[in-house]
Amino acid sequence: MRALVKHPNEVGLRLDDVEVPAPGPDDILIKVLTTGICGTDLHIFNWDDWARATVPAPITVGHEFSGEIMGVGSNVSGFEIGELVGAEGHVVCNRCRNCLAGRRHLCYDARGIGVNLPGAFADYVTIPKSNVWRHQEGLDPEIAALFDPFGNAVHTALEFDVLGEDVLITGAGPIGLMACAVVAHAGARNVVITDVNPFRLDLAKRMGANRAVDIRVEDLHDIQVELGMTEGFDVALEMSGSPSAMEDILQNTIHGANIAILGIPSDPFPIDWSVVIFNMLNLKGIYGREMFETWYKMNVLIQSGVDISPVITHRFEVDDFEAAFEATASKESGKVLIRWADPA
Ligand code: NAD
Ligand code: ZN
C-alpha cells in the first residue's frame with residue numbers, strides 16, 4: 001500500500017510502498033479515505049528538534065483521517081465492515097490513576113497515532129478498537145476527517161459556559177476558526193477573533209466571528225468600545241501559542257474571566273502573574289479531546305447545524321503531498337486535505 005513515511009536524518013516525507021498493517025486481536029483495520037495535515041505533521045516533515053526527539057523513524061505519519069472499516073480483530077465486536085469511522089489519536093495506557101478513573105484524556109502516558117505509533121497517511125491503518133469512533137451515517141468523509149482538530153476546538157470552546165458571553169479567540173488557524181463556529185452556535189453575544197494573517201481573518205468572518213481583528217493594526221480596547229463592552233471579555237480561548245496573544249487576553253478580560261489555553265508556545269515565556277491574581281482569572285490548559293464526550297458533542301453540533309466546511313481551503317491527491325505540505329506551511333490556507341480513496 002502507499003504510505004507517507006518519515007525516514008530518519010532527512011527533511012520531508014517519502015511516499016513508500018509498504019505492507020498493509022495486520023490488525024491484532026483488539027484492532028480494527030481501516031481503509032483511509034481523507035486525511036488532514038496538522039501542525040504536528042509539519043514539525044515531523046521539517047524534522048525539527050521536537051520531532052527528532054519524539055518520532056521513532058522510520059514510521060508512517062498522520063493522525064487526522066476518516067476511513068471505512070475493512071476488517072476487525074478476533075476480539076472486536078459491534079463494528080461492521082464498511083462503516084465510516086475516525087479515531088481518537090491519543091492511545092491511553094489504561095493503567096494510570098486517571099485512566100482507571102475513566103478520565104482517559106488525562107492519561108499520564110498517552111501515545112500518539114502518527115507520532116509514536118504508525119499513522120494514517122496511508123491506504124490503510126490499524127487502530128485499537130477502544131480508539132475507533134463510528135460516525136453518523138451519511139457524514140461527508142471530508143468533515144469526518146476534521147474531527148481530530150475540530151475536537152480540539154470543541155473541547156476548548158465548551159470548557160466554559162459561553163451563552164450570552166463576550167468571547168475572545170486569539171489565533172485564526174484551523175482550530176480557532178472552527179472554535180468561532182462552535183462559540184457562535186453555543187450562544188455567545190460577541191465572538192471576536194484575532195490573528196496577524198488577513199487570509200485567515202477573512203475566513204473567520206465566514207465561520208461565525210462578528211469581528212475579525214488584525215492585531216497588528218487594531219487594538220482590542222477599541223474593539224470593546226465599538227461593541228459596547230465595558231469590562232472586558234468574559235471568556236478567552238488562546239489558540240495561537242503566541243506570547244503577545246496571551247498578553248492581549250490578560251489585558252482585555254473581565255475580572256474572574258475564564259481562559260482556556262490550547263495554543264502551544266514554541267518556548268517558555270513570562271506573563272504578568274499579578275494580573276492573574278488581582279483580576280482573579282481562571283486559567284485552564286486544554287490538550288486533545290475528552291474521550292469520548294468531545295466526540296459526542298462534535299457529532300451533535302454537526303447534526304444541529306454547525307458548519308465547519310469553510311475551513312477546508314485546499315484538496316490534494318496523494319502524489320501531490322509535497323504541495324499539500326507547502327500549502328499548510330504557507331498559512332495562506334485553512335485546513336488542507338489529501339484524498340486517498342473514494343467511499344465504497
Ligand atoms: P496554526 O498555527 O495554524 O494557527 C495559529 C494562528 O495563530 C495562525 O493563524 C497565526 O497567524 C496566529 N497568530 C500568530 N501570532 C498571533 C498573535 N499575536 N495574535 C493572534 N494570532 C496570532 O495552528 P492550529 O492548527 O489552528 O492550532 C492552534 C494552536 O493550538 C497551535 O498553537 C497548535 O500548536 C495548538 N494545538 C494544541 C493542541 C492541544 O491539544 N493543546 C492540539 C492541536 C494544536
Ligand atoms: Zn493512562
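Me: Which strands does helix 7 lie across?
Reply: Helix 7 (residues 198–206) lies across strand 12 (190–195) and strand 13, at about 170 degrees to strand 13. Helices (H or I, at least four residues) and strands (E, at least two) are DSSP runs, numbered from the N terminus. Angles run from 0 to 180 degrees between N-to-C directions, with axes fitted to C-alpha atoms, for helices over the stretch in contact.
Me: What should I know about the model and numbering?
Reply: It's a predicted model, where local features need pLDDT of at least 70 and side-chain atom pairs pLDDT 80 or more, while totals for chains, interfaces and linings use all residues. Residues count from 1 along each chain as written, chains are lettered from A and ligands numbered from 1 in written order, and side-chain values use heavy atoms, without hydrogens and water.
Me: What order do the strands of the open sheet come in?
Reply: Six strands go 13-12-11-14-15-16, paired in parallel (pairing takes at least two DSSP bridges). Strands 13 (211–214) and 16 (282–285) are at the edges with a single partner each, so one side of each lacks a neighbour in the sheet. On average, neighbouring strands are turned by 20 degrees, ignoring direction.
Me: How many bridges join strand 15 to strand 16?
Reply: Four, with strand 15 covering residues 253–261. Ile261 stands opposite Gly285 of strand 16.
Me: New topic: is Ser66 buried or exposed?
Reply: Buried, because its relative accessible area is 0% (buried is under 20%, exposed over 50%, partly exposed in between; 1.4 Å probe, protein chains only). Ser66 sits in strand 5 (residues 64–72).
Me: Which residues does Ser66 contact?
Reply: Beyond neighbours within four places in sequence, they include Lys31, Leu84 and Pro141 (contact means heavy atoms within 4.5 Å).
Me: And Trp273, buried or exposed?
Reply: Exposed, at 52% relative accessibility; Trp273 is in helix 10 (residues 273–278).
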